[in-house]
Amino acid sequence: MATSNPPLKDDLDIVIPTIRNLDFLEMWRPFFQPYHLIIIQDGDPTKTINVPDGFDYELYNRNDINKILGPKASCISFKDSACRCFGYMVSKKKYIFTIDDDCFVAKDPSGKDINALAQHIRNLLQPSTPFFFNTLYDPFSDGADFVRGYPFSLREGIPTAVSHGLWLNIPDYDAPTQLVKPRERNTRYVDAVMTIPKGTLFPMCGMNLAFDRHLIGPAMYFGLMGDGQPIGRYDDMWAGWCVKVICDHLGLGIKTGLPYIWHSKASNPFVNLKKEYKGIFWQEEIIPFFQAISLSRECTTVQSCYIELAKLVKDKLGKIDPYFVKLADAMVTWIEAWDELNSKDSKKTNGK
């Protein structure tokens with residue numbers, strides 16, 4: 001039976017990238033059925049994707065993306081889950097929750113099914129505290145508060161733009177770690193949510209993620225990955241680095257921790273290594289690049305921040321490989337396409 005009075009029912013879309021039938025939705029039915037789904041079909045657009053009965057959804061394949069965006073469709077990845085960000089662009093809701101089709105309902109230590117979506121909503125609706133670390137983690141969680149010594153002037157917090165969830169069972173490891181620890185499983189349920197401090201980057205995983213589309217949506221671009229690109233499996237990482245720098249600049253918060261999902265399937269580490277190989281080397285230069293970024297004071301919207309960031313990517317990272325010049329151009333195309341499809345709310349000032 002569907003959840004009674006589901007929170008944000010009319011203000012949230014669930015975005016799912018897939019190449020297969022969505023049987024996994026059956027286990028999520030009690031939590032997802034009240035919400036609208038946006039399904040992004042990757043790969044062969046002539047293939048029929050079956051969606052269980054009773055779900056309210058719209059489905060886009062590559063032909064649809066090309067038709068809607070025209071030449072700007074070049075910024076949307078093909079044969080890679082990075083295609084999910086098209087769903088963020090076409091959504092008309094304030095909030096987005098995105099999940100992979102190999103992510104199942106997890107259980108908490110008491111054996112109760114975890115409503116991941118409800119926890120993400122709690123995270124997003126409560127403030128973040130990135131300027132001073134609270135040793136009891138999220139002070140807005142039940143049973144917690146600000147500890148002694150926490151400045152009262154900072155206790156109001158700031159708006160939360162992103163809620164980053166975690167995974168039980170198969171951890172989100174890179175290929176070298178997968179190869180060294182093929183049997184490792186995450187069984188540790190840590191009952192905590194925390195704000196990622198200002199000035200600290202993090203590896204954002206896109207398989208269990210929610211965000212406020214009005215606050216940070218235009219920066220949630222998952223880059224150029226997959227077919228025809230020299231790199232893969234860095235789509236969510238790239239988005240996370242861009243988002244964090246922009247959130248820090250605009251005074252927005254990012255939370256990580258709860259909720260957990262059950263990640264059911266380990267991807268092939270040899271295939272992953274082929275996709276990640278260049279990224280493993282490149283990130284040793286990419287990370288210092290993002291750590292050193294200082295956006296100009298004129299950047300007061302997510303779009304203006306992102307355009308300035310794209311220019312810096314071209315100028316600084318273009319020296320590493322021509323791919324980054326192409327990526328920087330795609331970042332600009334993404335913003336142009338976003339604004340075309342979201343002309344009404346694209347004028348809103350984001351953040352401050």
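A crossing of two helices is right-handed if the near helix is turned clockwise from the far one by less than a right angle. In the predicted model described here, the crossing of α7 and α9 is of this right-handed kind. The axes of the two helices come within 10 Å and cross at roughly 125 degrees. Angles over 145 degrees count as roughly antiparallel and those of 65 to 115 degrees as roughly perpendicular, the rest between them being oblique; α7 and α9 are therefore oblique to each other. On the α7 side the contact is made by Trp 238, Cys 242, Ile 246, His 249 and Leu 250, and on the α9 side by Val 302, Cys 305, Tyr 306, Leu 309 and Val 313. By class, this contact has 9 nonpolar residues and 1 polar residue, with no charged residues.

Helix α7 also packs against α8. The axes of α7 and α8 come within 10 Å and cross at roughly 15 degrees, which makes α7 roughly parallel to α8. The crossing in which α7 passes α8 is right-handed. From α7, Trp 238, Trp 241, Cys 242 and Val 245 take part, and they meet Gln 283, Ile 286, Ile 287 and Phe 290 in α8. The class count for the contact of α7 with α8 is 7 nonpolar, 1 polar and no charged residues.

Helix α9 spans residues 302-316 and helix α10 residues 323-341; their axes come within 8 Å and cross at roughly 165 degrees. The two helices are therefore roughly antiparallel to each other. In this pair α9 passes α10 in a left-handed crossing. The residues of α9 that make the contact are Gln 303, Tyr 306, Ile 307, Leu 309, Ala 310, Val 313 and Lys 314, while α10 contributes Phe 324, Val 325, Ala 328, Asp 329, Met 331, Val 332, Trp 334, Ile 335, Trp 338 and Asp 339. Sorted by class, the contact of α9 with α10 has 13 nonpolar, 1 polar and 3 charged residues.

The structure holds 5 cavities of 30 Å³ or more. The second largest cavity has a volume of about 60 Å³. Its lining consists of Met 225, Ile 231, Tyr 234, Trp 238, Trp 241, Trp 282, Ile 286, Tyr 323, Phe 324 and Leu 327. Two or more residues of this lining come from each of α7 (235-250), α8 (269-292) and α10. Helix α10 gives the most to the lining of the second largest cavity, with 3 residues. By class the lining has 10 nonpolar residues, with no polar and no charged residues. Several residues link this cavity to the helix contacts described above.

Among the open spaces, the second largest pocket has a volume of about 360 Å³. This pocket is lined by 17 residues, and those that lie nearest its centre are Leu 166, Asn 186, Arg 188, Val 190 and Tyr 260. The elements that give two or more residues to the lining are β6 (160-169) and β9 (253-263). The largest share, 3 residues, comes from β9. The lining of the second largest pocket has 9 nonpolar, 4 polar and 4 charged residues.

Some backbone features remain to be noted. Most residues other than glycine have a negative phi, and most peptide bonds are trans. The peptide bond from Leu 258 to Pro 259, however, is cis, with omega near 10 degrees. Pro 259 lies in strand β9, an element that also contributes to the lining of the second largest pocket. Asn 169 has a positive phi of about 80 degrees although it is not a glycine, and its place is in strand β6. Leu 8, also not a glycine, has a positive phi of about 60 degrees; Leu 8 is found in the segment before β1 (12-18).

Conventions: Residues numbered from 1 in each chain as written. Predicted model: local features only at pLDDT ≥ 70, side-chain atom pairs only at ≥ 80, totals over all residues. Heavy atoms only, no water. Axes fitted to C-alpha atoms, helices over the stretch in contact; angles between N-to-C directions. Helix = DSSP H or I, 4+ residues; strand = E, 2+ residues; numbered from the N terminus. Parallel < 35°, antiparallel > 145°, perpendicular 65-115°, else oblique. Contact = heavy atoms within 4.5 Å. Nonpolar A, V, L, I, M, F, W, Y, C, P; charged D, E, K, R; others polar. 1 Å grid on protein atoms, 1.4 Å probe; cavity = no way out; pocket = protein on both sides within 12 Å on 5 of 7 lines; lining within 4 Å. Points joined across faces, edges and corners; volume = space filled by probe spheres on them.
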